[in-house]
Amino acid sequence: MYIAIKRLTPLAVLIAGFFSGKKRPSRQVTLSVSLIAAGVLIAALGDFSFDLFGYSLALTSVFFQTMYLVLVEKSGAEDGLSSVEIMFYNSFLSLPFLLFLIVATKEFPNSLSMLLAKSTSLSFFMIFLVSLVMGIVLNFTMFLCTVINSALTTTIVGVLKGVGSTTLGFFLLGGVEVHALNVTGLAINTAGGVWYSYTKYHEKRNRLPKLTSDLEVVRK
């Protein structure tokens, strides 16, 4: 259910954008995001393995990811930073906090010794390299999507991506009883994501003729 709760991020981003002074979204966008949130709440009602601590951690993750994406969007839109520059600054500024956590949790000696022990394994090296490349590509595409589109669009893409993750999680990971409520909630959640994508596609198509006519007027 962690992935399902993470789908509240679009609603949190929408609210954060409202308080940060962004242009008010259209009614269709607002309704589609609200449908996503409603689906999450219905799915949560069907989770009989409810754990307050786990849900609290998931909601904390939603809050920090919301602030994270909003700041990335503002950095790209207002400061003119590219996705590569944002990724560089993000990694550089995160490094001290990461080092502190590694030392505080006492992972540093054990992780280093394990890395040295596995350094002669070709399979470990290949898996480690693939994971590194996938992490770089994931962060780059996420920042690029946020800069080009918006933080809200990035979270909606995450919602649609999470359809497969949630479905696989039900059958492969276990821990959650499949019930009509959580299945219905996830279906409503997914429908909200599709509705948002459809709405943004048509909004973009409707803007193109106006931009073309404006360019023709400028040329004349």
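Predicted model: local features only at pLDDT ≥ 70, side-chain atom pairs only at ≥ 80, totals over all residues.
Visitor: What follows H5?

Guide: Lys 106 follows H5, and its phi is positive, near 60°.

Visitor: Which residues of H5 are buried?

Guide: General idea first. An α-helix has 3.6 residues a turn, so residues three or four places apart point the same way. In H5, the buried residues are Ser 83, Ile 86 and Met 87.

Visitor: Which residues of H7 are buried?

Guide: Met 142, Phe 143, Cys 145 and Thr 146 are the buried residues of H7. The helix itself runs over residues 122-148. Its 27 residues reach 39 Å from first C-alpha to last, close to the 39 Å expected at 1.5 Å a residue.

Visitor: What does Thr 154 touch?

Guide: Set aside residues up to four places away in sequence. Thr 154 then touches Leu 69, Met 142, Cys 145 and Thr 146. Met 142, Cys 145 and Thr 146 are among the buried residues of H7. Thr 154 itself lies in helix H8, residues 151-173.

Visitor: Why does Thr 154 count as buried?

Guide: The cut-off is under 20% relative accessible area. Thr 154 counts as buried because its relative accessibility is 10%.

Visitor: Is Thr 155 buried or exposed?

Guide: Thr 155 is buried, with a relative accessible area of 6%. Thr 155 is also placed in helix H8. Beyond its neighbours within four places in sequence, Thr 155 is in contact with Thr 9, Pro 10, Val 13 and Leu 69. Leu 69 is also touched by Thr 154.

Visitor: Where is Gly 185, and what does Gly 185 touch?

Guide: Gly 185 is in helix H9. Its relative accessible area is 0%, so Gly 185 is buried. Leaving out residues up to four places away in sequence, Gly 185 touches Gly 39, Val 40, Ile 42 and Ala 43. Look also at Leu 35, which is 150 residues from Gly 185 along the chain. The C-alpha atoms of Gly 185 and Leu 35 are separated by 9.7 Å.

Visitor: What is the volume of the largest pocket?

Guide: Rolling a probe the size of a water molecule over the atoms shows where empty space is left. Here the largest pocket has a volume of about 850 Å³. Helix H2 (9-19), H8 and helix H9 (180-219) are the elements that give two or more residues to its lining. H9 supplies the largest share, seven residues.

Visitor: Which residues lie nearest the centre of the largest pocket?

Guide: Ser 150, Thr 153, Tyr 196, Lys 200 and Glu 203 lie nearest its centre, out of 26 lining residues. By type, the lining divides into 12 nonpolar, six polar and eight charged residues.

Visitor: How many helices and strands does the protein have?

Guide: The protein has nine helices and zero strands. Buried residues make up 27% of its 220 residues.

Notes:
Residues numbered from 1 in each chain as written. Heavy atoms only, no water. Helix = DSSP H or I, 4+ residues; strand = E, 2+ residues; numbered from the N terminus. Buried < 20%, exposed > 50% of the residue type's maximum accessible area, 1.4 Å probe, protein only. Contact = heavy atoms within 4.5 Å. Expected span 1.5 Å × (residues − 1). 1 Å grid on protein atoms, 1.4 Å probe; cavity = no way out; pocket = protein on both sides within 12 Å on 5 of 7 lines; lining within 4 Å. Points joined across faces, edges and corners; volume = space filled by probe spheres on them. Nonpolar A, V, L, I, M, F, W, Y, C, P; charged D, E, K, R; others polar.
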